[in-house]
2 protein chains.
Amino acid sequence: MNAPTALSHLVPEFHPRAVPQALLDALAARFGARCSTAMAVREQHGRDESSFEVPPPAAVVFAESTQDVADAVALAAKHDVPVIPFGVGSSLEGHLLAVQGGISIDVSRMNKVLSVNADDLTVTVQAGVLRKQLNEEVKSTGLFFPIDPGADASIGGMTATRASGTNAVRYGTMRENVLALEVVTASGEVIRTGTRAKKSSAGYDLTRLMVGSEGTLGIVTEITLRLYPIPEAISAAICSFPSIEAAVRTVIQVIQLGVPIARVELIDVNTVRMVNAHSKLGLREEPMLLMEFHGSPSGVKEQAEVVQEIAAEFGGNAFEWATTPEERTRLWTARHNAYFAAIQSRPGCRAISTDTCVPISRLADCLLDSVAEADESKLPYFLVGHVGDGNFHFGYLLDPNDPKEREVAEELNHKLVARALSLGGTCTGEHGVGLHKMGFLVDEAGAGAVDMMRTIKRALDPKNILNPGKIFSL
Amino acid sequence: MNAPTALSHLVPEFHPRAVPQALLDALAARFGARCSTAMAVREQHGRDESSFEVPPPAAVVFAESTQDVADAVALAAKHDVPVIPFGVGSSLEGHLLAVQGGISIDVSRMNKVLSVNADDLTVTVQAGVLRKQLNEEVKSTGLFFPIDPGADASIGGMTATRASGTNAVRYGTMRENVLALEVVTASGEVIRTGTRAKKSSAGYDLTRLMVGSEGTLGIVTEITLRLYPIPEAISAAICSFPSIEAAVRTVIQVIQLGVPIARVELIDVNTVRMVNAHSKLGLREEPMLLMEFHGSPSGVKEQAEVVQEIAAEFGGNAFEWATTPEERTRLWTARHNAYFAAIQSRPGCRAISTDTCVPISRLADCLLDSVAEADESKLPYFLVGHVGDGNFHFGYLLDPNDPKEREVAEELNHKLVARALSLGGTCTGEHGVGLHKMGFLVDEAGAGAVDMMRTIKRALDPKNILNPGKIFSL
């Protein structure tokens, strides 16, 4: 194994366990070439988009069926060895890292859309299906799946982290949009949770318990999701504001009035400059809201009028509208390219992303003070936000070889989280706890609630083999 | 204690445990007159709207604060004695019955709306607040809480059963509308789950685990709920149809088109006759849909036009519209009085209510076959449904002194549930499992999922004192 790098002292719960040769032999016997111990494969499965580094898993199993996952887990359980499910590796919080060693179970080949029930607005997919693939495959039915984290993540990974994204302000998150699951338990059994009925009061909500459990209570193998009719009319707009405050106050009023806006994203002036440099967009270099309205033609028009009126009160101007798919795509380029534009604005940098979410009335307070702190730090950063939900991300762009910069970024993040919690918010709106926010979770939920989580974890995974060392220490 | 009545052989998990005098003394010392052992009080807390009868709890504690609940639970835990939370007693499934003895903790005096955060569209209430009271208290803010089971239930009870009602088709159920909880655990500790942020990925979703857990994992003492702006325009309509099938097919198409209808209730011809007799409404004696549209004036008009067009295709006629609150109330009288009208249609009867919910495309299949079976049985019944969600209730009106009739009703319910499950549905859309549906839960969820529920229950309540004997056997 590689020696831990200089960063690994920051990794909590770093206690690699031995992976006995007997397990590797058993996996090889069961999976043949679909079990790999090649270093390149292991390394690819031993990192994600977080800034942590630990040695990779001892082996990678490429599962092609639920039975494959169940068998791999059962074999690992026999040897008390951790298992970590892997979709596409887009976690931002170290979810995929083998901090306690173990094997990676790659579900990317489980990529079938199993059944589209267009009449019920539901679809059942395997865990490795990607969100863009899903939308491609259901498009002909006139339906779509709205949850869109930035990355083209797997539906399994999105389920595990309770993902959301730009459409959540109208359509909710994975919490609201997963109807039923198939899950492999810690002993390698296969259970089903939920049904395709829209609602149910039948016992404990195991579906919602699994959603957001980050692979620590079970490995999700199949997911039944809600779909929505593609709106008859879609209209997008960008609008510039004299200040972040003006943009945010506009959003707050839109939400409080109950306008069913489908997307409302904030992009700060730093980010506008970065995307202008990256994508030659020629956008006005001011804070900006990107918005989208879904509905009937007259409904969309009505929503847009209300929002334009509110924006005008706060000095919003340079409204630009788009109704065709091509025009909309152009407007959304700024948002979609923000992350890459930011990374490229400082060659060699890594981004540390924050993820606080606060009640909408506290959004301005939370954001503005944190912007002032970030500006003062002199660390380059970008700021984007699903502000209709009160959720926003600072991306601090740091030199990975400068520990001082990391320290500054962590300090900014700590202050931001403390502020969000004091305002009734959460440390993570959509990325999950993973490795990075364990301390924050205790601050947020309190020792009693985290103890209850631990009790559930110990009961459902007595050997602590399901993605151990994530969310909380045991 | 009373001897079990003739019905109690039907009560599963009937194993009363002794309540030691030492506990009663300790409760009396702690709560004084707020702990009652008077038979009238115990009996009032030992039954609900279900048809089960068992001896009442040994004592009733009237809690006035979270600390009261915590202390009562801690004392009961010390003596291994069950505790059963009590709101208003409107459970339909025997949730409140002391099948294993114990004490009732009445939270009806915990009836304060603690904080209305109108700017965030949230409210925090004590568990004993009633839903109508809540709406009265927030009305001046221009907001409302949409979840409306038939009864004027307590918010704590609605949380415990994952309640929904007529508005769920648009606004979701308690699952979607509870943001955060304060909960007393099995050891008498107080924890908080969730925050006021609209979304979060911070650890296990304990909020959703508690919602619908029927008092078996903790006693809910405070609830933070989402509120919604009172719609600018509300329009209600009734429409008669030549057959249930025509009404149901109209609903299916409305939902599949994504019309954001706020309410759509089916009332069968039996029920129309009963409410005509009860409330002198003079309604056309045909199956009927009651609908409500929420939105802007033009949005409501647009929705109504689409629905009227679809209804016409299926022979819907006699559309009657209402836009003022008074007219709407009159139209909804038929729905609101259905239960009482039905009960009064057969003096001395008790209703056994079914609660299946199926994917919308299967609604006609599920309903029509069950209607045919019910008609054939000759047992009087009424049928109402939150059909936009695929959820409906047969109420079989039986003579409680005729075991044969109960047998027929149970047989009809069994067939209905089996049909709903085979169509991808659930045995309970909104009433909960309680005592009556334990067997159905296993059929629906499978032994593996129910075992996972048991494992969680045992871990969080090792002495099995929290409303024991409900949902599943241990």
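**View 1. Strands S16 and S18 of chain B, side by side.** In this predicted model, S16(B) and strand S18 (residues 391-398) of chain B run antiparallel and are joined by four bridges. Helices and strands here are DSSP runs numbered from the N terminus, helices being H or I with at least four residues and strands E with at least two. Look for Ser353(B): its bridge partner in S18(B) is Gly395(B). H11(B) packs on the sheet and touches strand S12 (233-240), strand S14 (288-295) and S15 of chain B. The direction of H11(B) makes about 155° with that of S14(B). Contact means heavy atoms within 4.5 Å, and angles run from 0 to 180 degrees between the N-to-C directions of lines fitted to C-alpha atoms, for helices over the stretch in contact.

**View 2. The whole seven-stranded sheet of chain B.** Zoom out and you get an open, antiparallel sheet with the order S15-S12-S14-S13-S17-S18-S16 (chain B). Two strands count as paired if DSSP finds at least two bridges between them. Strand S15 (317-322) and strand S16 (350-353) of chain B are the edge strands, each pairing on one side only. From one strand to the next, the twist averages 20°.

**View 3. A four-stranded sheet in chain A.** This open sheet mixes its pairing and goes S1-S2-S4-S3 (chain A). Strand S1 (35-36) and strand S3 (83-86) of chain A each have a single partner strand, so one side of each has no neighbour in the sheet. S1(A) runs antiparallel to strand S2 (residues 59-62) of chain A, and two bridges join them.

**View 4. Where chain B meets chain A.** How many residues does each chain bring to the contact? Chain B gives 77 residues and chain A gives 77 residues. The area buried between them is about 6000 Å², with 58% of that from carbon and sulfur atoms; buried area is the accessible area (1.4 Å probe) that two parts lose on being put together, summed over both. On the chain B side, Lys199(B), Ser201(B) and Tyr204(B) lose the most area to chain A, together 16% of what that side buries.

**View 5. Charged pairs, between chains and within one.** Six salt bridges link chain B and chain A, a salt bridge being a side-chain nitrogen of Lys or Arg within 4 Å of a carboxyl oxygen of Asp or Glu. For example, the side chains of Lys198(B) and Asp389(A) meet in one (2.7 Å, N to O). Over all chains, the whole structure has 62 salt bridges. Inside chain A, the side chains of Arg263(A) and Asp148(A) form another (3.1 Å, N to O). Arg263(A) sits in strand S13 (residues 263-267) of chain A and Asp148(A) in the loop between strand S7 (143-144) and helix H5 (155-161) of chain A, so the pair ties together parts 115 residues apart in sequence.

**Reading the labels.** Residues are numbered from 1 along each chain as its sequence is written, and chains are lettered from A and ligands numbered from 1 in the order in which they are written. Local features need pLDDT of at least 70, side-chain atom pairs count only at pLDDT 80 or more, and totals for chains, interfaces and linings use all residues, while side-chain values use heavy atoms, with hydrogens and water left out.
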